[in-house]
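The exercises below are meant to be worked with the sequence and the 3D view open. Try each task before reading its solution.

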Amino acid sequence: CEKPDARPLRQRLLVVANRLPVSAVRKGEDSWSLEMSAGGLVSALLGVKEFEARWIGWAGVNVPDEVGQKALTKALGEKRCIPVFLDEEIVHRYYNGYCNNILWPLFHYLGLPQEDRLATTRSFQSQFEAYKKANQMFADVVHQHYEEGDVVWCHDYHLMFLPKCLKERNNNMKVGWFLHTPFPSSEIHRTLPSRSDLLRSVLAADLVGFHTYDYARHFVSACTRILGLEGTPEGVEDQGRLTRVAAFPIGIDSDRFIRALELPQVQVHIKELKERFAGRKVMLGVDRLDMIKGIPQKILAFEKFLEEYPYWCDKVVLLQIAVPTRTDVPEYQKLTSQVHEIVGRINGRFGTLTAVPIHHLMCISAGNFKRMAGLSLIAEKGGRDRSLDFFALCALYAVTDVALVTSLRDGMNLVSYEFVACQDLKKGAAQSLGAGAILVNPWNITEVADSIRQALTMTPEEREKRHQHNFVHVTTHTAQEWADTFVSELNDTVIEAQLRTRQ
Ligand code: ADQ
């Protein structure tokens, strides 16, 4: 008979991602403070609760000394996080270089940087060497903490070399790899000088997952066309060994958002926002300040909308919340200036003494959120990247009439899911959720402008119908469901492989 305190054993999961869900800030020789990081991968994985999980990754800071490393390891340990220490040189070539300058743009169809087109150029080679080295360093830490039976779940384009490094150390390790970005057509992937090495390393995993069936198909065709391997309905086969490849669409922890709406602090924010924007419809954009998010396109479409439908000029406001990322990369600095410039021009053109049509906020935190609700906003630059307070974010989603998502390419886009979770049943609007949303081509500014009007003038009945569709999707396909499906598929894949080898 069961002991009263007996609980089902939860599977141990080692989540390995480039960044930990927290960023570390040094306060003294041996003292650290930890701040939550913002981003889709962190949001989704924090919604996964039903595993005995440890998170392995880089804390976003260079810690050259042993005292600092020890203290940080201890502080992170309390959050079940295990650091990988990368020095500045490696970070520069692996993270800023190979990950952000080569893989990220390529996977979003922005091509390779001009000077890196030749495999033989020193900069490309040295970045790729650093990438491999960093992946080996991640593998070392995983290896140290691995216990038999653990599931090792590697995440994203930063760690494509990791499955191979792990299997070389221990071939019995259960290894899964999931990509949070699109995987491009094989025609794009084939331009990458290290195309074969990366594919082969990923294939060392037992299970390879993507957000959509299309990305999975692109990956399989890259393996067949570039490596000459056989693609099967289950995945990719190489000399009798199968790597299972499948789609696992990600979700959010919808309950967390729905529950938050009841909290007094969120209700206070909602009240402030409603008073602040009384008499105007609220449109919202929440994006990392990245070229793939189509922020200039969004703002230009909003300008076109005001131009075409001047009736709306003082009846609508666009709140664009942007989290700065990769601020040391020149392209990102250029994008920031470009966005500021367009916002300034549009506000100058359509604003009045008392109101402006666009509120563009960078690195909003709980503190400056208060200032926004109390009137004085307009783009505010912070020294450090700060995350928007979760309660403020929920309140913003709740008062929003139309969420505007214009990513040029995106793995999935969780902001649209979060918006749906925070709308009460009488609402609903434009987001990227199939039949419930109004789908737009972000490059077609006139079409987006017309869709804005359609969303703002939709009948309550149609809004409710669309919202119902989206709400069911978002509350059913949650982050937990995503992780459960991936991990159980990984367990099954390994068992099937063992049975096949025994036969
Ligand atoms: P991201 O590119 O980061 O994710 P997205 O999916 O939209 O994009 O997720 C952004 C997350 O950051 C959301 O959870 C949002 O709430 C949060 N966030 C945004 N602004 C914030 C702010 N100011 N403060 C705090 N939090 C903020 C990558 C891929 C996506 C993919 C996800 C998950 O690029 O395509 O959907 O991973 O796989």
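**Exercise 1. Helix α18**

Which residues of α18 are buried?

Solution. Two notes on the model come first. This is a predicted model, in which local features need pLDDT of at least 70, side-chain atom pairs count only at pLDDT 80 or more, and totals for chains, interfaces and linings use all residues. Residues are numbered from 1 along each chain as its sequence is written.

Step 1. Helices (H or I, at least four residues) and strands (E, at least two) are DSSP runs, numbered from the N terminus. A residue is buried if 20 or more other C-beta atoms lie within 10 Å of its own, exposed if 12 or fewer, and partly exposed in between, with C-beta atoms placed from the backbone.

Step 2. Apply the burial term. The buried residues of α18 are A479, W482, A483, F486, V487, L490 and T493.

Step 3. Look at what lies over them. The cover includes the helix α1 (40-46) and the strands β1 (12-19), β6 (151-155), β7 (174-178), β8 (207-210) and β11. Cover is judged by contact: two residues are in contact if their C-beta atoms, placed from the backbone, lie within 7 Å.

Step 4. Check the span. Helix α18 (residues 479-502) has 24 residues and reaches 35 Å from its first C-alpha to its last, close to the 34 Å expected at 1.5 Å a residue. The expected span is 1.5 Å times one less than the number of residues.

**Exercise 2. Helix α3**

Find where α3 is kinked, and by what angle.

Solution. Step 1. Compare spans. At 1.5 Å a residue, a straight helix of 20 residues would span 28 Å, but α3 (residues 88-107) spans only 25 Å between its end C-alpha atoms.

Step 1. Locate the kink. It is centred on C99 and amounts to about 35°. The bend at a residue is the angle between axes fitted to the seven residues ending there and the seven starting there.

Step 2. Check burial. C99 is one of the buried residues of α3, including also R93, Y94, Y95, G97 and Y98. Further along, N101, I102, L103, W104, L106 and F107 are buried as well.

Step 3. Look past the end. Y109 follows α3 and has a positive phi, near 65°.

**Exercise 3. Two helix pairs**

Describe how α10 packs against α14, and then how α7 packs against α8.

Solution. Step 1. Two packed helices are described by the angle between their axes and the distance between the axes. Axes are lines fitted to C-alpha atoms, for helices over the stretch in contact, and angles run from 0 to 180 degrees between N-to-C directions.

Step 1. Take α10 (residues 264-276) and α14 (residues 390-399). Their axes come within 8 Å and cross at roughly 50°. That makes α10 oblique to α14; angles under 35 degrees count as roughly parallel, over 145 as roughly antiparallel, 65 to 115 as roughly perpendicular and the rest as oblique.

Step 2. α10 passes α14 in a right-handed crossing. A crossing is left-handed if the near helix is turned anticlockwise from the far one by less than a right angle, and right-handed if clockwise.

Step 3. Name the contacts. From α10, Q265, V266, H269, I270, L273 and K274 meet F391, A392, C394, A395, L396, A398 and V399 of α14.

Step 4. Repeat for α7 (residues 195-203) and α8 (residues 213-227). The axes come within 10 Å and cross at roughly 125°, and α7 and α8 are therefore oblique to each other. The crossing of α7 and α8 is left-handed. R195, S196, L199, R200 and L203 of α7 make the contact with A222, C223, I226 and L227 of α8.
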